[in-house]
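Please read it with the structure open.

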Amino acid sequence: MPVLCWASSGRVAADLCSCTSIRSRKGSSRILTSFPVPRLALQNTSVGGRAIECGRLIATSAYSGRPGESPEDRFERRLRESAAVESRVVNVDSEDDFLQVLEDAGENLLVVEVQSEQVCETGLEEPEPELQWKLDVEKAHAQQMAKCTAVKHVIQRTARECPDVCFVSIESDGSSQKEALLRKLGVEVLPTLQFYRDGKLLWEHKGVVQMEAGVGEGVMYYGDAAAGGVHPSSVVADITSRAKLEEFLGSSSDPKVLQVLNVALTSAGPCIKVFPAVVALSRSFQGFANFGRLLGDQNGETRELLKELNIIEVPTFIFFRAGREVGRHVGSSRGDLIGQILQQQEAMGLSPPPPPVTARAKPRSRAAVKRR
């Protein structure tokens, strides 16, 4: 049984990165300093005689009908698939159970949801609005709890569509055992979402505000998984060394193709938020722009590349043509990123590719056909 090193503050001692960062107002993180933290070596075993099988239980088409399937068959199939999803979301009650699940996950991404059936907090610093009437209080509480329930449903759907990711649920019920576990995990807000790999805490999202989006963003950023079985690494080159960077920059000698290098840090929130846009653009702009991602705190080589590229804030997007830098953009605004890419290409007299053709709705009348 491995032993996790608990920090004096009660948080898991995690190798977050060699560079820590703070959030700036314009949606980027400023690199401040470095501090090495040892990794935790873990192996795959079972917990309580029950194997946690990441990636073997769930079909991706859980709620779609199938040809020749009767309503009764579809209902039974959905029950089976729902049971399979629930079996992948492991309930943890104690510190020992959590350590074992963490060990079992190994190199797989582990998503931990800490929640309560009675409490659903925003995680925002501003005070909650004062309510005078009992009915108002009850209504506001019900609305807030509905948001936490929605997060739980998102996690269940994500478990179905991202089979290579492991999921854990911890319910705060006021018991001394659970409260001790929450203190060890450093959880102060309910709900809290945490992402682990190799025994390390990578990132956490506190409070229900934007947590639904945070589930998908975190799984995409850390787990290389998205809805529909998409692997972001298949469209965004993963730059893990100097050789990989040179390969990416040398992959196109055509000056009409813009090469976009997304420089990020492992635990920087703005980098996580903008990454879905990077993936979407890389799929839509094929032949127009190529994308790569450099996690600057991933290893010694990437840390050196951070210095050589003169990166001060993340995310930074460096634009290249045929391997030569032609511009930069700093910030996590998706709209600004798209605008900068289009501006770079417009300067070359290039227009973006047309959007994919979708089925058009049938006209409602002959008059509509004539107008077209």
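1. At roughly what angle do the axes of helix H5 and helix H7 cross? The axes of H5 (residues 211-223) and H7 (residues 269-284) cross at roughly 80 degrees and come within 9 Å. H5 is therefore roughly perpendicular to H7 (65 to 115 degrees). Helices here are DSSP runs of H or I with at least four residues, and strands are runs of E with at least two.

2. This is a predicted model, in which local features need pLDDT of at least 70 and side-chain atom pairs count only at pLDDT 80 or more, while totals for chains, interfaces and linings use all residues. Residues are numbered from 1 along each chain, and side-chain values use heavy atoms, without hydrogens and water.

3. On the H5 side, the contact (heavy atoms within 4.5 Å) includes Met-220 and Tyr-221, and on the H7 side Phe-275 and Val-279.

4. Buried means under 20% relative accessible area, with a 1.4 Å probe and protein chains only.

5. One disulfide is present (cysteine sulfur atoms within 2.5 Å). It joins Cys-120 to Cys-148, S to S 1.9 Å. The S-S torsion of Cys-120 and Cys-148 is about 90 degrees, so the disulfide is right-handed. Cys-120 and Cys-148 are both buried.

6. Cys-271 has 1% relative accessibility and so counts as buried.

Key: Axes fitted to C-alpha atoms, helices over the stretch in contact; angles between N-to-C directions. Parallel < 35°, antiparallel > 145°, perpendicular 65-115°, else oblique. Buried < 20%, exposed > 50% of the residue type's maximum accessible area, 1.4 Å probe, protein only.
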